[in-house]
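Take a moment with the model below.

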Amino acid sequence: MEYVALGLSLWFVFYPKPYEILLVALLLLPFVGMFLNGLHKPSIASLVEVDYSAKEKYDVADFIDVPAWAIVLRVLMDYETDSFIAILTAGTVALVGICLFLLVTHQQISDSNKDKSWIYGSIVFSFFVYSYSAVVAVNCTFDNSEPKVYETEVIDKHISRSRKGGRSYYVKVKPWGHHYDAENIRVSSSEYDLYHIHDQVAVDYKEGLLGIPWYYLEK
């Protein structure tokens, strides 16, 4: 299960095609993994490996945290959302749901386990990353609503480079709709060269499958 999670996650991050199928697979992996792991109701601690040689490093099962980080990376690369409150609400519901699934499929940690709080904390943190990124991914990927189209103009563009050599591509546009300041909108590397300063462009604004508004530049 962990090798499957790692392989699908790398595929999704570096070559996300077919996007929807890969996303659904990664969304289901934590639940499938927890179900299989919990068939005989082991302790929740069975999902966490503690490396005492590395000053008690806590490593959550790869079928949980690897898909979570793969989804969050793609969400950051692919989508611009427009409502923090909506993300917080939907993400919290998802977080509670996955925590309840964990409690149903696993026994709680023994009270005598000295690492109890750290184990719970490690798992909840992984669930936190998974839940909030998953709701944004589902909200945008499977949104079939009709977009509102806003005309605007490109006023700048730039490439941001991270310390690890990664690149992010941004196109800066004039205020549009209810966005009253000029704004950098992230685009893919293949789209970056299609935009030029003073180009007239359109921003598509959609309501989102889960009620989380999001938007993107028309290609």
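How are α4 and α5 oriented to each other? This is a predicted model, where local features need pLDDT of at least 70, side-chain atom pairs count only at pLDDT 80 or more, and totals for chains, interfaces and linings use all residues. Residues are numbered from 1 along each chain as its sequence is written, and side-chain values use heavy atoms, without hydrogens and water.

Helix α4 covers residues 84–105 and helix α5 residues 116–141. Helices here are DSSP runs of H or I with at least four residues, and strands are runs of E with at least two, numbered from the N terminus. The axes of α4 and α5 cross at roughly 130° and come within 8 Å. Axes are lines fitted to C-alpha atoms, for helices over the stretch in contact, and angles run from 0 to 180 degrees between N-to-C directions. α4 and α5 are therefore oblique to each other. Angles under 35 degrees count as roughly parallel, over 145 as roughly antiparallel, 65 to 115 as roughly perpendicular, and the rest as oblique.

Now turn to helix α1 (residues 2–14) and helix α3 (residues 62–78). They pack at about 5°, with axes 8 Å apart. That makes α1 roughly parallel to α3.

Next comes the sheet. It is open, with six strands in the order β3-β8-β7-β4-β5-β6 and antiparallel pairing. Two strands pair if DSSP finds at least two bridges between them. The edge strands, β3 (80–81) and β6 (183–187), each pair on one side only. Inspect β4 (residues 148–161) and β5 (residues 167–173): seven bridges join these antiparallel strands. K157 has V171 in β5 as its bridge partner.
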